[in-house]
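This briefing reviews selected features of the structure shown below. Points are grouped by topic for reference alongside the coordinates.

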Amino acid sequence: MIRLVRRDRASRRMAVAAPLLALFAAILSNLILFVAMGKDPGAVFYALLLEPFMTWSGFSEVLLKTAPLLLIAQGLAIGFRAKVFNIGAEGQFILGAIFASAIPVYFPQATGGWIWPAMLVMGAIGGALWAVVPAFWRVRLNANEILVTLMMSLIAVQLLNYLLLGPWKDPMGFNFPQSVMFQYDAMIPILFPGTRVNVSLLLAFLAALLAWIYMQRSFGCYQFLVGGLAPKAATYAGFSQSRAIWLSLLIGGFAAGLAGAAEVAGPIGQLQRSISTGYGYAAIIVAYLGGLHPLGIVASSFLMAALYIGGDNAMVSADLPVAAVRVFQGSLLVFYLAAITFVRFRLVRTGGAPA
Amino acid sequence: MSGIEFILAGMLAAATPFLLAALGELVVERAGVLNLGLEGMMALGAAIGFIVVYEGGGHVAAFLAAGLVGVGLALVFAGLALGLRANQVAVGLAVGILGQGLSSLVGNSYESLTITGLPKLAFPGLSDLPVVGGMFSQDIIVWLSLIATAAIWAMFRYSRLGLILRAIGENPAAARAIGYRVTALRLGAVVFGGAMAGFAGAYAATVYTPLWADGMIAGRGWIALALVVFGIWLTGRIFFGALLFGALSLASLVAQTEGWAVPSQLLSSLPYIVTIVVLGIITSNKRLLKVNGVASLGEPFGP
């Protein structure tokens with residue numbers, strides 16, 4: 001018999017090894033799956049995992065995708081650490097994109113350097129507002145935030161469709177469900193000339209830095225952790241659980257909204273249906289894979305961004321359906337959750353009859 | 001056919017995907033386990049069920065195959081959540097994402113194809129009644145899920161198994177102390193939940209709307225999860241909750257065909273909005289939850 005035995009202290013080595021083991025297992029199992037689908041495993045492996053890093057333009061696209069994933073995941077991880085499970089970042093992202101788009105949609109002729117920063121602020125507000133409902137529901141009505149945030153995401157998709165098919169549809173857009181193209185001043189400045197990487201990447205790194213400082217240095221963070229993990233103890237010590245819930249959800253919504261704004265004011269340049277390719281859900285995986293640690297999340301968001309770009313490559317060169325990337329993402333999280341068990345537990349072979 | 005007649009006739013069928021998935025989750029949660037992967041298990045069941053029917057395997061094989069893939073995902077969940085005692089919320093989300101990804105992958109080349117559903121079996125006599133007659137003319141799966149509802153109700157109410165399941169959900173340590181194998185029983189519950197979610201998906205894609213479209217489960221798995229809370233873990237209340245959501249989804253169809261001046265997107269959001277509102281109403285009654293809730297829900301348990 002093999003049994004799990006709790007370690008005396010969490011294994012740091014295992015905590016670092018777990019995401020790598022998970023990545024290895026995910027690559028192996030997915031390659032087997034792709035072979036079973038009749039794809040050339042070598043071509044898929046190359047397109048999915050190597051090609052994104054082979055050229056500067058490919059690599060710059062990875063950086064471009066890193067920004068929203070990093071922003072959203074940093075926001076989510078703060079909540080996850082306090083056991084507040086905001087899984088509605090997708091909807092908060094969409095609301096951020098909608099709020100930001102309001103400026104160029106209603107003032108298409110406006111010029112000036114204030115426009116894109118104002119859009120980012122609007123987006124962050126929109127995302128945070130979308131998180132008010134689940135926060136209120138959880139704190140005042142005792143309702144599980146997992147279900148409410150998810151429902152809010154489904155509603156956000158419908159709201160986006162309504163705007164794009166109705167009041168915000170581009171009159172010159174041949175009836176496509178999309179807004180007008182945004183004016184030049186509504187676009188975030190490019191960071192590296194010749195690429196699409198923009199200033200929002202810096203914002204994402206700034207968010208990571210802030211999250212790291214907050215986690216390392218602050219008493220507030222400690223209150224937060226206790227508030228989430230042991231609400232009764234926290235109340236006894238005078239920390240507020242509702243404050244932890246409100247902050248978790250608002251920060252998560254704020255960051256996701258900012259990411260949504262940066263997407264429409266960045267690579268997309270208009271409001272359209274496909275503004276998010278599941279960033280809000282992928283960021284959940286990114287947050288876990290980074291060990292819910294600000295620095296770990298920098299690495300995992302980069303990895304997930306590379307997977308997105310690699311998936312696009314594999315679709316073109318190896319005829320792999322886009323859905324394969326989602327399977328890869330899902331299996332990555334499954335393997336990771338299996339691997340982190342061994343941070344706290346170890347396997348022991350027990351002789352004789354099981355206890 | 002008037003709007004009311006249309007809703008009455010179709011309500012049971014529209015409720016069936018919610019009902020099957022929620023009944024499975026009820027058993028899982030009663031045993032103390034929270035499986036949030038319902039949406040993904042339904043999606044994969046739907047895709048596999050559709051493919052089996054489309055390729056000529058027939059509905060029986062389709063439901064069996066869908067149930068099996070539901071069980072497959074449930075076993076992944078059980079391996080992590082019960083075997084390795086991982087965080088059930090995270091594992092549920094992971095299995096859900098995996099299931100949804102797999103469903104898009106296998107369903108990729110079947111997008112927008114259609115098949116033939118199942119014939120309606122009428123209750124002789126009753127189905128000729130005015131207005132309510134349509135309620136008594138349903139396909140076989142609807143009739144079977146009504147039987148399943150009654151069976152699960154009776155199991156929790158009268159049987160020893162129901163009592164044991166509740167005990168391991170309420171106080172697993174005490175249940176183990178008196179000799180019940182908590183993890184094995186929970187595994188059984190999770191497997192049952194997976195099969196039911198697979199059936200629910202198969203019903204959605206091969207009978208209720210016999211076509212395949214990526215993302216067609218459209219949050220029904222999540223609503224089923226909410227239904228278990230609405231029903232405060234009681235079979236009868238879950239059944240009526242499922243009926244309510246079935247009626248609601250038809251009401252938005254009726255409103256659309258009658259040309260109401262309401263944006264269709266608002267009507268499509270209605271089930272989600274109602275879920276949020278009802279969830280708030282039910283859960284704000286903490287006493288109700290305390291009396292009927294499951295004490296150890298979602299907590300890992302092991303030696």
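**Selected local features**

Gln270(A) is classed as buried because its relative accessibility is 6%, under the 20% limit that defines this class. The model is predicted.

**Gln270(A)**
- Gln270(A) belongs to the loop that runs between helix 11 (241-268) and helix 12 (279-289) of chain A.
- Its side chain forms a polar contact of 3.0 Å with the side chain of Gln272(A).
- Met181(A) is 89 residues away from Gln270(A) in sequence, yet their C-alpha atoms are 4.9 Å apart.
- Beyond four places in sequence, Gln270(A) contacts Met181(A) as well as Gln178(A), Ser179(A), Val180(A), Phe182(A), Val264(A) and Ile275(A).

**Confidence in chain B**
- The mean pLDDT of chain B is 93, and 99% of its residues reach at least 70.
- Within chain B, helix 2 (residues 38-54) has the highest mean, 98, and helix 12 (residues 286-292) the lowest, 84.

**Ser296(B)**
- Ser296(B) lies in the segment that follows helix 12 of chain B.
- With a relative accessibility of 5%, Ser296(B) is buried.
- The side chains of Ser296(B) and Arg186(B) are joined by a polar contact of 3.2 Å.

- Val132(B) sits in the loop between strand 1 (120-122) and strand 2 (137-139) of chain B, and is partly exposed at 31% relative accessibility.

Note on methods
Residues numbered from 1 in each chain as written. Chains lettered and ligands numbered in written order. Predicted model: local features only at pLDDT ≥ 70, side-chain atom pairs only at ≥ 80, totals over all residues. Heavy atoms only, no water. pLDDT = per-residue confidence, 0-100. Helix = DSSP H or I, 4+ residues; strand = E, 2+ residues; numbered from the N terminus. Buried < 20%, exposed > 50% of the residue type's maximum accessible area, 1.4 Å probe, protein only. Polar contact = N/O pair within 3.5 Å; in protein donor to acceptor, adjacent residues only side chain to side chain. Contact = heavy atoms within 4.5 Å.
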